[in-house]
Amino acid sequence: MRILHMTDVHFLMPPPIKGMIGKRALGMANLYLAGRKSHFDAASLVTMAVADALQWDADLFVFTGDLTALALDKEFVQAREAFAPLLNGMPSIVIPGNHDTYTKGATRAARMDHHMGPWMAGGAWDEAARCWAGAHELVGAVDWPVSFRLGSTTVVATNPCRPGLRATGRFGAEAIARAEALVAEARGRGDQVLYLLHYPPLAKDGEPYNRSGHSLEDVDELLASLRRQPPSLVLHGHKHEAWRVELKADSGAGVPIVNCGTTSAVSAKPTRTAGYFIFELEQGELRSVRRRMLLAGAADFVDDPGDYG
Ligand SMILES: [Fe+2]
Ligand SMILES: [Fe+2]
């Protein structure tokens with residue numbers, strides 16, 4: 001199973017003035033005044049990353065949130081168009097980030113679900129119809145967590161993002177338990193299990209990621225769940241820096257956790273510039289990890305010589 005992983009591209013379309021209220025105004029201020037806009041170039045870099053990624057003939061494409069900057073319809077439309085060659089070319093799964101559920105309005109309107117529903121609602125892959133069976137029936141918002149089945153691989157897709165002034169997330173005990181049950185069920189039938197979330201479970205030093213105002217409020221409960229019922233591989237984004245760490249399960253097994261960082265930033269630092277991953281996951285074992293990246297000023301994506309293996 002060859003898996004493509006991208007994340008945190010933050011398509012940004014400035015909203016009309018009447019949209020500049022409340023949290024969105026604060027977000028715009030952050031993006032512009034802190035200079036973040038100049039460091040992200042989703043329109044150019046996603047197109048290049050997608051073109052580069054098509055060469056790997058992957059079996060599955062996953063995206064771990066923050067498609068947009070402000071959860072605007074126009075941003076979702078732009079993102080969907082840019083990712084279309086992957087979304088329409090292979091089984092694909094997309095989960096929200098905190099920027100995609102940015103305002104209460106976006107969440108109430110299930111805006112991301114409206115644009116990206118065919119890749120968010122779970123189901124079993126229907127090879128003849130080239131879609132996740134059942135996903136087209138989505139009406140309204142996805143009831144997270146959900147699972148996707150593709151051959152002997154199960155993907156547990158979660159969404160702990162909440163609208164609000166802070167960039168924090170929270171699963172809640174029920175969602176953690178339901179996700180854990182989906183992992184247990186998949187392992188029970190002998191599947192390898194991929195677990196997707198937007199927030200980092202662990203920081204790059206291997207400690208729980210609990211940076212105030214930016215992390216999961218119930219990260220300790222999540223980690224306990226992952227230790228009890230370990231997936232084969234955990235993928236996430238949110239913190240715009242690529243890293244790989246390992247969680248020790250209660251059984252003693254090591255669970256690789258990979259942060260894809262961002263696929264649209266412009267930086268001279270390899271871990272912080274636009275990149276994406278290609279994983280080979282076979283029989284629950286992560287056999288190989290490759291990262292492609294585009295450094296500021298470079299013309300093409302190339303292999304990242306960093307050690308993620
Ligand atoms: Fe992000
Ligand atoms: Fe985020």
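**Exercise 1.** State how many nonpolar, polar and charged residues line the second largest pocket of this predicted model.

*Solution.* 
Step 1. Ala, Val, Leu, Ile, Met, Phe, Trp, Tyr, Cys and Pro count as nonpolar, Asp, Glu, Lys and Arg as charged, the others as polar.
Step 2. The lining has seven nonpolar, eight polar and four charged residues.

Residues are numbered from 1 along each chain as written, and chains are lettered from A and ligands numbered from 1 in written order. Local features need pLDDT of at least 70, side-chain atom pairs 80 or more, while totals for chains, interfaces and linings use all residues; side-chain values use heavy atoms, without hydrogens and water.

**Exercise 2.** Find which residues coordinate the iron ion (ligand 1).

*Solution.* 
Step 1. Look for donors: N, O and S atoms within 2.8 Å of the metal (3.2 Å for Na, K and Ca).
Step 2. Asp8 (OD), His10 (NE2), Asp66 (OD) and His240 (NE2) qualify, at 2.0 to 2.2 Å.
Step 3. Asp66 also coordinates the iron ion (ligand 2), 3.4 Å from ligand 1.
Step 4. His10 lies in the loop between S1 and H1 and His240 in the loop between S9 and S10, so the pair ties together parts 230 residues apart in sequence.

**Exercise 3.** Are His10 and His240 buried or exposed?

*Solution.* Buried means under 20% relative accessible area, exposed over 50%, partly exposed in between (1.4 Å probe, protein chains only). Both His10 and His240 are buried.

How values were computed. Helices (H or I, at least four residues) and strands (E, at least two) are DSSP runs, numbered from the N terminus.
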